[in-house]
Amino acid sequence: VVVEHDEATIRAAEHLIDLGPGAGAHGGRLVAEGRLTDLKRNRDSITGRMIKSPPLHPQFERRTVNAITPSLTLRGGSLHNLRVRNLKIPLERFVCVTGVSGSGKSSLVRGVLAENLHRLVGQRKGGAKTLTDCATLDGYQSLARVLEVDQTPIGKTPRSCPATYVGIWTVIRKLFAQTPEARARGFDASRFSFNTGAGRCASCEGQGVKRIEMSFMADVVVPCESCGGARFNLETLEVTWRGKTISDVLAMNVSTAVKFFTVHSKIHRALALLDEVGLGYLTLGQQSPTLSGGEAQRLKLVTELAKAGSPRGGKTLYLLDEPTVGLHIADVERLTGVLHRLVDAGHSVVVIEHNLDLIAEADWIVDVGPEGGARGGRIVATGAPERLIARTSPTARALADFLATQPAMRPG
């Protein structure tokens with residue numbers, strides 16, 4: 001019994017069990033089971049629909065890479081099995097680093113590029129620009145920062161939630177503080193914090209739950225008896241905005257909150273982005289430790305995308321290591337859209353990836369290999385996907401076979 005999103009594995013299965021139809025509160029039902037043909041015939045099966053009518057690549061117009069495209073230039077890269085003489089990685093583009101397992105992708109991106117760029121960009125205002133595991137690295141001068149976006153949790157305590165992470169909770173608290181009822185009672189924004197202050201439930205300290213330690217079993221988490229999970233005391237809950245209490249807002253899922261906060265552009269923009277990347281089922285107050293790695297990573301990307309229009313932000317290089325791990329085919333399509341929007345905003349995205357749907361969307365591919373271990377570590381090929389499929393590496397063959405199954409291929 002295998003839990004899997006990979007299309008080839010799904011096609012090879014003798015019996016499929018499809019759950020959904022959506023995620024979170026929108027899922028949990030048995031949508032379809034049987035052979036792949038049974039899923040394809042079921043209108044409620046997103047899995048069947050995506051396999052029956054796969055995304056047409058490229059979904060986004062391919063950005064050109066030429067001699068005047070700003071680029072990182074790496075010379076003499078050497079780490080583990082990696083041996084790179086001369087490599088150009090275009091900036092302000094969507095770049096995929098590909099290759100079989102053990103070919104040297106992580107050594108290149110995380111071991112050489114990330115390690116040196118963190119140091120170079122951080123010390124640009126002064127200090128010795130020392131390099132490790134490479135002879136030279138240039139072209140980074142236009143970057144304001146380098147950020148690795150991984151699937152680590154966004155918070156380790158129940159006090160962290162999507163609303164606090166994307167930065168809209170402070171704005172929401174101010175809205176409640178501006179209501180006539182709050183002003184009459186002398187409540188300011190701090191009254192509507194579940195972390196501190198007189199407004200939160202004193203019994204559970206704003207967590208909404210209590211943890212009961214069990215001597216010989218796992219701890220049990222139960223709703224707070226005093227507030228019933230509302231997180232706030234009765235006086236605070238008497239204040240409403242558009243008919244909802246502050247606790248009601250925390251309990252809203254993102255899709256509902258998008259409509260509720262339509263007139264407030266800052267809140268609405270962040271929520272709309274969350275909805276667009278497929279996180280509409282999350283509640284604003286969902287505890288961060290309960291989020292999956294893929295959900296956490298998309299939250300991080302949305303937070304960055306919300307800041308992308310800021311003129312003070314500068315250009316960022318985003319580094320991601322296999323962001324499609326744990327994502328459904330439909331979620332990969334949404335993730336692709338987020339990454340392209342970051343590039344449209346003037347940033348650079350470099351992704352280590354095996355997923356062919358994402359690789360086919362890249363502006364530029366850096367293929368490492370050709371094999372793993374001692375038989376890898378070289379730059380096999382670079383270029384757009386259409387150029388790469390003419391080569392003979394394992395990635396090139398797999399990508400050529402994948403694109404050959406497309407109903408039609410849009411010109412790059």
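How many bridges pair strand E10 with E11, and in which sense do the two strands pair? E10 (residues 316-321) and E11 pair over five bridges, in the parallel sense. Welcome to this predicted model, in which local features need pLDDT of at least 70 and side-chain atom pairs count only at pLDDT 80 or more, while totals for chains, interfaces and linings use all residues. Residues are numbered from 1 along each chain as its sequence is written, and side-chain values use heavy atoms, with hydrogens and water left out.

- Strands (E, at least two residues) and helices (H or I, at least four) are DSSP runs, numbered from the N terminus.
- Two strands pair if DSSP finds at least two bridges between them.
- In the pairing of E10 with E11, Leu317 has Ser348 as its bridge partner.
- From E10 the chain crosses through helix H13 (residues 329-344) to E11, a right-handed β-α-β crossover; right-handed says that, with the strands pointing away from the viewer, the path from the first strand over the helix to the second runs clockwise.
- Strand E5 (residues 94-98) also runs parallel to E11, joined by four bridges, and Val97 has Ile352 as its bridge partner there.
- E11 (residues 348-352) is largely enclosed by the rest of the structure, because five of its five residues are buried (buried is under 20% relative accessible area, exposed over 50%, partly exposed in between, with a 1.4 Å probe and protein chains only).
- Ser348, Val350 and Ile352 point one way from E11, while Val349 and Val351 point the other way.
- In a regular strand, side chains alternate between the two faces of the sheet.

- Gly20 and Pro21 are joined by a cis peptide bond with omega about 5°; Pro21 sits in the loop between strand E1 (16-20) and strand E2 (29-34).
- Another cis peptide bond, with omega about 5°, links Gly369 and Pro370, and Pro370 is in the loop between strand E12 (364-369) and strand E13 (378-383).
- Glu92 is not a glycine, yet its phi is positive, about 60°; this residue lies in the loop between strand E4 (82-90) and E5.
- Glu92 is partly exposed, with a relative accessible area of 23%.
- Glu205 has a positive phi near 60° and belongs to the loop between helix H7 (180-185) and E8.
- Glu205 is partly exposed, at 40% relative accessible area.

**A partly exposed methionine**

- Met214 is found in the loop between strand E8 (209-212) and strand E9 (220-223).
- Met214 has a relative accessible area of 31%, which means partly exposed.
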